[in-house]
Amino acid sequence: MSTETENRAGRAASSRFSGRAEKKVPTVETSHARTWSVGFVIKLVLMALVNALGIYIIAAAFNEGSWILVAVFTVLLVIVDYVYFSRKHLAPKYLTPGLVFLAIFQVFVILYTGYIAFTNYGDRHMLTKERATEALLLTSTQRVEGSAQYPLAVVDAGGELGFAIVNDDGAVLVGTEDAPFVPAKNAQVSGKRITEVPGYEILTPAQIGARQAEITALRVPMSEDPGDGFIGTQTATTGFVFQSTLKHDAAADTLTDITTGKVYHADSSDGFYRADDGETLNTGWRVTVGFKNFADAFGDARYASPFLKVLVWTFAFAFLSVATTFLLGMFFALVMNDERMRGRKIYRTIMLLPYAFPSFMTAFLFAGMLNPKYGFFNQVLFGGAEIGWLTDPWLAKLSVILVNLWMGFPYMFLICTGALQSIPSELNEAAEIDGAGGFKRWRYITLPQLMIQVTPLLISSFAFNFNNFNLIYMLTRGGPQFADASVPVGSTDILISMVYQISGLSGAATKNYGLASAMSILIFVIVGTISLISFRRSRSIEGAQ
């Protein structure tokens with residue numbers, strides 16, 4: 001009887017426990033389901049925004065004919081969607097944003113620079129073949145005698161010039177160089193003068209005068225078909241019909257000058273339309289030229305002579321910059337590491353002030369102080385003497401080294417101070433007991449221990465100074481210019497500033513992005529090789545210790 005009672009009680013307790021468990025489990029699952037649902041909605045919204053941005057970039061690249069960008073962003077978008085919509089791969093969900101930015105801003109930039117290095121991208125070769133053909137048809141025009149004239153107003157839409165005209169039916173049409181004429185809704189006309197075009201700003205006479213050359217050169221297509229002609233103006237108040245003097249034959253891949261009958265054939269070897277007598281049309285297109293840019297860097301007299309001079313100076317500048325800043329920084333670190341010196345914290349703070357000031361501003365200020373006529377150095381320190389600190393080739397190089405010393409020694413002082421404090425004091429104490437003097441302790445104990453810790457930083461400093469564009473550009477602009485150079489390169493230019501000058505980004509008359517990219521690849525290879533050798537050497541030194 002007792003046993004049966006116990007069994008019943010046990011079953012009842014088990015039933016009660018099971019019932020409680022059944023009541024709790026659905027509550028937990030429901031809570032998790034709600035949390036998962038909210039998180040999924042948030043993730044869905046964020047991924048929708050990411051996909052919208054990605055599709056926009058892909059569409060824009062497709063319209064521009066940039067197939068490399070289309071491929072890169074398509075692959076990245078697929079990878080991102082797979083990672084974040086998959087229930088696996090937890091770690092990639094955290095790593096993907098950083099890897100995507102790395103791929104876009106580092107890997108893609110390097111690969112795209114490599115691609116440009118094998119093309120003729122630059123002056124007269126900025127466009128694709130289709131765009132170059134359209135540009136030639138648009139720019140090679142002449143006025144059609146006896147054609148209709150249209151009341152015209154010059155308009156501006158976000159910095160892009162266009163024309164608004166009144167056609168024969170009294171309707172207002174508006175267009176730009178890249179967009180043919182379309183009806184302008186709610187435009188206002190007073191007599192034959194257009195007074196308002198919604199979405200556009202009508203230029204005043206003063207604005208027209210300031211952009212006269214740009215306006216007279218502007219041609220707005222009547223329609224998508226270039227054969228329908230273009231509207232141009234000489235007075236900014238009346239539009240005239242212009243027709244292209246070139247006729248495009250897509251099947252034969254030629255352009256024919258209808259005024260002379262000369263035929264220009266597309267030459268894919270250098271991206272020009274070329275006639276049988278060798279004459280080329282002004283606008284070309286981008287094509288692959290193989291290793292021509294690399295050959296020009298070493299073989300073309302216009303670039304080879306300054307390139308070798310700049311290469312030698314770049315190595316000298318990078319080495320001297322590291323050596324001088326390291327030696328001075330180490331000297332001050334050793335002095336202020338002595339416990340007997342009072343006020344060390346104050347002196348250390350003062351030493352770091354040049355490092356805290358923006359580097360480009362420092363270079364800019366020194367450029368003013370080194371001015372031959374009005375600079376502080378000549379006026380105050382040298383009694384008004386006109387010393388050409390930045391105009392004499394050798395003095396300019398010395399000035400660059402000294403200014404870089406002022407800017408760079410606090411960094412070396414900082415890392416040497418930290419490295420010195422990590423060297424065990426027992427080593428120096430033991431050497432001192434053995435009778436070693438101060439120089440021997442520095443030579444055989446302090447310096448080896450210091451080099452083990454700072455060598456990687458010295459290598460990175462060398463790489464930084466090898467590409468120290470800010471200092472060169474803000475202080476000397478690469479000058480003084482080489483007297484015998486046909487390209488805008490000077491005595492203090494380093495490779496990166498020479499690349500900047502050749503690319504035309506400085507405002508130079510000629511632009512050669514292909515050659516500049518080839519030189520950038522050479523810089524990358526040089527710095528990478530030196531860094532690899534140096535790191536291996538530093539590991540061997542560390543192992544020897």
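Buried denotes a relative accessible area under 20%, exposed over 50%, and partly exposed the range in between (1.4 Å probe, protein chains only). By this scale K262 is partly exposed, with a relative accessible area of 27%. The model is predicted: local features need pLDDT of at least 70, side-chain atom pairs count only at pLDDT 80 or more, and totals for chains, interfaces and linings use all residues. Residues are numbered from 1 along each chain as its sequence is written, and side-chain values use heavy atoms, with hydrogens and water left out.

The structure holds 10 salt bridges. A salt bridge is a side-chain nitrogen of Lys or Arg within 4 Å of a carboxyl oxygen of Asp or Glu. K262 forms one with E279, and their closest N and O atoms are 2.6 Å apart. K262 sits in the loop between β13 (254–257) and β14 (263–267), and E279 in the loop between β15 (272–274) and α7 (292–299), so the pair ties together parts 17 residues apart in sequence. Helices (H or I, at least four residues) and strands (E, at least two) are DSSP runs, numbered from the N terminus. E279 is partly exposed, at 36% relative accessibility.

A second salt bridge joins the side chains of R211 and D156 (3.2 Å, N to O). This pair links distant parts of the chain, 55 residues apart. R211 is in the loop between α5 (205–210) and α6 (212–217), whereas D156 is in strand β2 (residues 149–157). R211 is partly exposed at 23% relative accessibility. D156 is buried, with a relative accessible area of 11%. With E214, D156 and R211 are linked in a network of salt bridges.

R302 and D300 form a further salt bridge, with the closest N and O atoms 2.8 Å apart. R302 is partly exposed, with a relative accessible area of 43%. D300 counts as buried at 18% relative accessibility.

Two surface patches were examined. Patches are made of residues with over 30% relative accessible area and no salt bridge; like charges are joined within 9 Å, and nonpolar side chains (Val, Leu, Ile, Met, Phe, Trp, Tyr) within 5 Å. Accessible areas come from the Shrake-Rupley method with a 1.4 Å probe, and for residues only the protein chains shown count as cover. The nonpolar patch is formed by V38, F40, V41, I42, L44, V45, L46, L49 and F85, with about 810 Å² of accessible area together. Helix α1 (residues 2–64) supplies the largest share, 8 residues. L49 lies in helix α1 and is exposed, at 57% relative accessibility. A61 is also found in helix α1, but counts as buried at 5% relative accessibility.

The negative patch comprises E130, E134, E160, E177 and D178. Asp and Glu count as negative and Lys and Arg as positive, while His and the chain ends are not counted. The place of a charge is taken as NZ of Lys, CZ of Arg, CG of Asp or CD of Glu. E130 lies in helix α4 (residues 129–139) and is exposed, with a relative accessible area of 54%. D168 is in the loop between β3 (160–166) and β4 (172–176). D168 is exposed at 66% relative accessibility. Its C-alpha atom is 41 Å from that of E279, 111 residues apart along the chain.

The UniProt record (unreviewed entry) places the feature "transmembrane region" at several segments, including residues 97–118 and 444–464. UniProt positions are given in the numbering used here, feature names are shortened, and annotations may be inferred rather than shown by experiment. Residues 97–118 are 95% helix and 0% strand, with end C-alpha atoms 31 Å apart. Residues 444–464 are 100% helix and 0% strand, and their end C-alpha atoms are 29 Å apart.

Most residues other than glycine have a negative phi, and most peptide bonds are trans. G479 and P480 are joined by a cis peptide bond, with omega about -5 degrees. P480 lies in the loop between α16 (469–475) and α17 (495–503). R477 is in the loop between α16 and α17. Its phi is positive, near 55 degrees, and R477 is partly exposed, with a relative accessible area of 47%. A236 has a positive phi near 70 degrees. A236 lies in the loop between β10 (230–232) and β11 (238–244) and is buried, with a relative accessible area of 6%.
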